[in-house]
Amino acid sequence: MAGNAQSRAQLIDAFLAAPTGTVPVTQFTGETREVTLEVRDIEAEIAPGVKVRQWAFGLPGKPASVPGPELRFKVGDLVRITLSNTSARAHSIHLHGITSLAQSMDGVPHASLAVLPGEKYTYTFVATEAGTHMYHCHVETNLHLDMGMYGTLIVEPRDGQRVWKQDHVLMLDEWDSRQDPDQLPHRATPNYFLANGKSYPLIPDLKIPQGEVHLIRLLNIGGAVHSMHLHGTHFLVVAKDGQDLPHPYKADTILLGPGERYDLLVKGRDGSFPLHDHIPQHGTNDGVDPGGMHLMVVGGPELRADGTPVPGPAPHHHHATVSRPDVPAASGTVEVAMTGFVFKGSPVRVKAGTKVVWVNNDIAAHTVTIDGPERGSSLPLRKGGRFATTFRTPGTYRVGCVQHPFMTAVIIVEP
């Protein structure tokens, strides 16, 4: 108990003694780093078949995106971020978590300024502490954040010393696919839940090889609370809001409120396990499970319960990958039934130019995802729902259902 009391007293003393306020830009000790961000109106796919309008940050001459470009600097750098307002609305940049800047650099219009259409403004500060931060627009904040005006800002130690081999950024947000930025007042009702601008299954896996230690940076830029849970192992929480924790702690679930950031150390293990929001609604796409904030952490080869390796599939192990040359290739229009959680008749052989129509005969909703020389995907199909695709490029296509990954099929398209 005495040790804990002493540690607490030391922390309070350090807080009281620490300087606060503007760090003069003349006091930088590292490099001068300059970045220009433009504002663009774009369209992006946030879930299979769901395209939305976004306001996005981008580097000059490069595609804009949500989140915007990841900005990385080192302790001691003099940072100059120029906002070039190439849009028809006023914007700003708030450097969320950076405390060494002057008031005029904080990006809040009533306390500093807004950058008007066609104008530029340079936000300047000295990076003083390593940590995970964010940048975002602070004009009409509810609307501009809902439209995607945000990105990650990371300050790294200048000496480069760290215990992790690689770091991964996951920026969490919610999205209303029906919102119209030209309609005021803006009242969003999110129906998609994003990590790095995408919902499952479009969120890439995190690859953490067995035995390696990686850092996951979790940032909540949205307006809802998210409860991120990792299956298969615990993580070590080492920092919050850009500040190293004096007493890191182990957990498998962490609650992030709006604006919060957490740094988690994860050690890779055998197999692949989900990392997802444990709030059930946040694991859906427009109310359909699975979706939302869900991705896989991929480690080493999968093991059986007795510790022996799981063998990989033998060539042509699944019946769906075996061609049936005795069945002539179809043309015109072909229907494929989804019945009993199976794509009937796989593999389907068709001529190029054939339209394939999937029909859901099950009570449960299914999706159709197509991967091959051409790609495509459907929204969830309720009972009786139909989805059609015309295959024009010869080759082998793999078909699956997001809701039920065990449902697989093959379409073979012949010239």
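**Exercise 1. Determine whether Tyr135 is buried or exposed, and describe its aromatic pairing.**

Solution. Tyr135 has a relative accessible area of 0% and is therefore buried; buried means under 20% relative accessible area, exposed over 50%, and partly exposed in between (1.4 Å probe, protein chains only). The model is a predicted one, in which local features need pLDDT of at least 70 and side-chain atom pairs count only at pLDDT 80 or more, while totals for chains, interfaces and linings use all residues. Residues are numbered from 1 along each chain as its sequence is written, and side-chain values use heavy atoms, with hydrogens and water left out.

Next, apply the ring criterion: rings of Phe, Tyr and Trp (its six-membered ring) pair if their centres lie within 6.5 Å, with planes under 30 degrees apart counted as stacked, over 60 as edge-to-face and the rest as tilted. The count comes to 6 aromatic pairs. In one of them, Phe57 and Tyr135 are 5.5 Å apart centre to centre with 65 degrees between the planes, which is edge-to-face. Phe57 lies in strand E2 and Tyr135 in strand E7 (residues 131-136), so the pair ties together parts 78 residues apart in sequence. Strands (E, at least two residues) are DSSP runs, numbered from the N terminus. Phe57 is also buried, at 1% relative accessible area.

**Exercise 2. Classify the pair formed by the rings of Phe341 and Phe406.**

Solution. The centres are 6.3 Å apart and the planes of Phe341 and Phe406 stand at 40 degrees, so the pair is tilted. Phe341 sits in the loop between E20 and strand E21 (342-343), and Phe406 in the loop between strand E27 (395-400) and strand E28 (408-414), 65 residues apart. As to accessibility, Phe341 is partly exposed at 34%, whereas Phe406 is exposed at 56%.

**Exercise 3. State how far strand E23 (residues 354-360) is enclosed, and which strand E23 joins in parallel.**

Solution. Of the 7 residues of E23, 6 are buried, so the strand is largely enclosed by the rest of the structure. Two strands pair if DSSP finds at least two bridges between them. Strand E20 (residues 333-339) runs parallel to E23, joined by 6 bridges; Thr333 has Lys355 in E23 as its bridge partner. Strand E26 (residues 386-391) runs antiparallel to E23, again through 6 bridges, and Val359 stands opposite Arg386 in E26.

**Exercise 4. Count the disulfides.**

Solution. A disulfide is a pair of cysteine sulfur atoms within 2.5 Å. The count by this rule is 0. Cys137 is buried at 0%, and Cys401 is buried at 4%.

Technical notes:
Helix = DSSP H or I, 4+ residues; strand = E, 2+ residues; numbered from the N terminus.
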